Structures are given as structure tokens and as C-alpha cells.
Amino acid sequence: MTEAATVASRVLARKPRPSSSAVAAALADAFLAADVWATGQLIESGAYVMGARRRWLLPLVGDVMSAFVRPPHDAPRLLTSLIFNAPAFQEAVRKADERRSPLRVHHHVLSASASREMSGALPSIDSIRDLAALLALDIGQLQWFADTKHWNRRARPGPLHHYRYEWRTRPGRIPRLLEVPEQRLRRVQSTLLSSVLALIPANDAAHGFIPGRSAATGAARHIGSDAVISLDLTTFFARVTAGRVYGTLRQSGYSESVAHIITGLCTNAVPPWALAAMPSGGSPDERFALRRALATSHLPQGAPSSPMLANLAIRRLDSRLAGWAESVDATYTRYADDLAFSGGRALAKRADAFVRGAERIIEDEGHSVNARKTRVRRQGVRQTVTGIVVNQHVNISRSEYDRLKATIHNCVMHGPTSQNRRQIDDFRAHLLGRISWVESLNSSRGERLREEFARIRW
């Protein structure tokens with residue numbers, strides 16, 4: 001095995017409880033990947049790897065800075081050895097062993113040398129010209145779509161706007177704005193998603209919009225717990241700013257100019273005339289916060305690139321919440337804006353204090369929690385994660401199953417047109433998709449629904 005392959009296998013390995021030497025290697029990679037070789041930057045890099053800012057990171061970084069005046073890119077093994085033998089690190093390992101909760105690596109970061117050796121994982125985009133070639137655009141078209149000067153926001157309504165705006169009202173709640181990219185920009189964003197963004201690893205806690213993961217895989221992590229806590233983030237996409245997106249792309253190795261253009265292609269600032277059309281709903285404070293977030297460059301809800309970019313841009317939030325959950329031996333997962341925590345007696349006893357701590361972390365990262373959707377479910381009641389029952393195994397709720405069953409039965413008795421109240425274009429495919437979802441959670445219930453579906457006369 002070549003040295004590059006050895007580095008790749010170590011960096012991409014995902015072990016929930018790695019050895020202390022593996023933790024030291026992960027910290028070394030993170031330190032070498034820091035933008036600046038300075039105490040604050042190294043502590044932040046270490047906190048990112050460990051999932052939280054540990055007390056022992058400060059003395060450890062002090063030892064590292066004393067030993068190396070500049071980053072030892074040519075001696076990563078020496079740096080790993082120094083970290084492993086540092087008194088602060090050894091004391092942290094000892095205390096973790098006493099608690100029977102070994103140190104965990106929450107996120108791996110490629111060192112600079114490993115990034116170069118593994119550059120084939122991401123397409124090489126060294127210039128604006130390379131990016132234009134990838135997207136099959138000329139330079140002028142690329143700059144027009146990126147709109148880094150925000151000409152679209154200042155222009156009057158018309159056919160040259162990159163987005164179509166659709167407000168959706170919600171009874172008793174703040175309205176939601178769909179920012180739908182026009183067809184050509186949508187193709188550009190889809191190409192970026194498949195060719196670049198989908199290749200950048202997200203945090204292990206993220207289960208939405210990632211191949212091989214789903215709401216079901218996230219819910220399965222919480223089966224049979226003493227307590228399940230659900231939190232919901234407000235205006236999720238709008239609060240992921242262009243600055244966060246740019247920082248994510250820079251951290252992934254792209255140059256300032258390339259990251260700047262990709263950020264412009266995937267973010268949007270809503271023009272004043274669209275904000276003025278906001279329908280009623282929500283409190284004055286909520287409406288003001290939403291209007292301010294939408295007026296700033298952010299991830300548009302409706303663009304194909306937004307879900308994956310949101311996963312990447314809040315990796316630090318995921319790492320911090322995972323570390324917070326680990327403090328009470330709990331599990332954390334996220335599906336888009338739905339956060340879920342589960343654990344044993346330690347979590348059940350201090351659920352309210354745990355929620356307050358999680359809210360502080362979320363607010364510190366620029367997001368906020370919808371208090372009306374916060375739920376703490378202990379044993380003895382139906383525990384759900386993203387609408388999936390997780391008491392003993394993943395299952396669809398009885399009410400949701402009964403509604404779908406009634407819809408299919410009415411299609412049999414009165415015809416499918418009578419049940420297609422939302423005028424869905426392909427109602428048959430819609431029903432089959434819902435049946436497949438039930439089958440993925442409960443095969444016997446799904447089989448009964450499919451047998452009933454076969455009786456519908458289309």
C-alpha cells in the first residue's frame with residue numbers, strides 16, 4: 001500500500017471510539033490544515049475534531065507551538081508523536097478511561113499534504129476559467145449567473161431575474177418564501193451539486209440529502225432510548241449566510257476567486273419588492289428577523305444546491321452539538337432543520353438543562369430554535385424522530401398509516417380524481433412513493449397498502 005493510500009484509509013475511517021493514537025493523528029491533521037499557525041486557530045481546529053472546545057486543548061496547543069515555530073508539513077508523524085506524548089493529552093486520555101468514555105473523533109480534517117495526495121477526490125478547479133469549463137459557460141455567463149455585485153437585487157421585476165419568488169402562508173405561523181431558480185441557473189447549480197458539493201464529506205450526524213442516508217437512518221440511531229429530544233431550527237436556509245458558504249469552500253481547498261464565484265452561484269439576496277409582498281403571519285419580531293435574513297445573501301430554499309451546502313456550512317454546529325450530547329452519553333442526528341437527541345437516564349434526568357445548553361450552542365452558531373416545536377419524550381409515550389416512531393423499532397405512526405390507507409380505499413371506491421385535491425400531476429406515482437416509504441419502515445403494512453392500491457382503476 002502506498003503512503004497516499006495509507007493516509008486516505010486513516011483519514012476516511014469512521015470509528016466511533018478510536019484509539020488514543022488515532023485521536024492524536026486526527027488532531028495533527030487538523031492542526032496542519034489550519035489557515036494560520038496560531039494558538040487560536042489551532043484550538044478551533046482541535047475543537048472541530050473533538051466536537052467541543054476541551055479544556056486540555058489550550059495547554060496541548062501551547063506545547064505544540066513551543067515545539068514548532070511554523071507548521072511541520074514535512075513531519076506529520078513527529079507532530080502526532082508530540083501530541084500523543086504531551087502531558088495534557090495523556091491526562092485527558094486517563095480521565096476519559098476512568099469515565100469509561102474514551103475520547104472520540106467527531107470530524108476528520110485532511111492535512112495539507114493529505115489534501116494534495118487525495119486531490120482526485122474533488123475536481124481540480126484552479127481558476128475561474130476552469131470553473132466556467134466545468135459548468136459549460138463562458139466567463140461572461142459565469143459572472144452574470146454569480147451576480148456578485150447583486151445587480152439582480154436592485155433591478156426591477158422582470159424576465160432577467162435569476163429567481164422566481166413564491167410566498168407560502170402557514171396558519172398561525174410566519175410565512176415561508178420559496179426562491180425558485182430559473183431553468184439555466186438551476187442547471188448550473190445541479191452541476192455544482194453533482195460534480196463538487198456532493199463529494200465534500202458532511203458531518204456524520206447529518207442524514208438529510210446525503211446518498212445512503214435518510215430520515216429513516218437518522219431515526220434508527222434513537223431506538224429504545226430513555227428520552228428522545230426534538231428541536232427545530234427556524235428559517236434554516238435563510239440563516240446560512242454567503243460568508244459561511246464561502247468559508248466552507250475555502251476550507252475544502254478552493255481558491256478565493258473560485259470560492260467567491262461558487263458562493264455567488266449558490267446564494268441569493270431577495271429584492272425589496274419581493275420582501276414587501278410578505279403575507280401576514282407570525283409575530284413582528286419573527287417577521288423582522290426573516291426579512292433581514294432574506295435581504296442578506298443566503299442559501300435560497302428552492303435551489304438544488306442548498307440542502308447539501310447547508311449540511312456542509314453547519315458542520316461546526318453539528319460537531320458542537322455532538323460533543324454536547326456526548327457529555328451525557330447521548331446520540332445526536334440532524335435531518336435538515338430537525339435535530340434529535342436520545343440517551344439513557346443521564347439525559348432523561350437533566351433534559352431541560354440539556355435543551356438550554358443546546359439552544360445556547362445553536363444561537364452561538366447564528367441559528368435559533370422554534371420553541372413551539374421542542375419536544376421531550378420519555379419512555380411510556382410515543383417517541384418520534386422526523387415523524388418516525390422509534391420506541392422499539394422504526395415504524396410509521398398509526399395516524400399517518402390510517403390516513404394513507406383511507407386515501408387509497410377512497411381511490412378504489414370513488415376513483416383517484418376524488419382524492420387528488422392538490423392537483424398533483426402524477427398522482428399515481430405520488431401514492432406509490434408514499435407506499436414505498438411505509439414499506440421501508442414496516443413491510444407488512446406496506447404490503448397491505450400495495451394490495452389495496454392494485455384495486456384502483458386508473
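The model is predicted, so local features need pLDDT of at least 70 and side-chain atom pairs count only at pLDDT 80 or more, while totals for chains, interfaces and linings use all residues. Residues are numbered from 1 along each chain as its sequence is written, and side-chain values use heavy atoms, with hydrogens and water left out.

**From the record**
- UniProt, in an unreviewed entry, lists residues 149-390 as "domain: Reverse transcriptase"; such annotations may be inferred rather than shown by experiment.
- That span, residues 149-390, is 41% helix and 17% strand, and its end C-alpha atoms lie 48 Å apart.
- Here, helices (H or I, at least four residues) and strands (E, at least two) are DSSP runs, numbered from the N terminus.

- Strand β1 (residues 163-170) runs antiparallel to β2, and seven bridges join them; strands count as paired if DSSP finds at least two bridges between them.
- Tryptophan 167 has leucine 177 in β2 as its bridge partner.
- Two residues sit between the strands of this hairpin, and glycine 172 takes a positive phi near 75°.
- Strand β2 (residues 173-181) is largely enclosed by the rest of the structure, because seven of its nine residues are buried.
- Buried means under 20% relative accessible area, exposed over 50%, and partly exposed in between (1.4 Å probe, protein chains only).

- Buried in α22 are Phe427, Leu431, Ile435, Val438 and Leu441.
- They sit on the same side of α22, because they cover an arc of only 120° around the axis, taken from the directions from the helix axis to the C-beta atoms.
- The buried residues of α22 pack against several elements, including α21 (398-414) and α23 (443-453).
- Glutamate 452 lies in α23, and its 18% relative accessibility is why it counts as buried.
- Leaving aside neighbours within four places in sequence, glutamate 452 is in contact (heavy atoms within 4.5 Å) with Ile408, His409 and Val412.

**The nonpolar cores**
- A nonpolar core is a set of buried Ala, Val, Leu, Ile, Met, Phe, Trp, Tyr and Cys residues joined through side-chain atoms within 4.5 Å.
- The largest has 74 residues, and Leu192, Leu231, Leu265, Leu321 and Phe341 have the most contacts inside it.
- Apart from it lies another core of 33 residues, among them Leu27, Met50, Val93 and Leu103.
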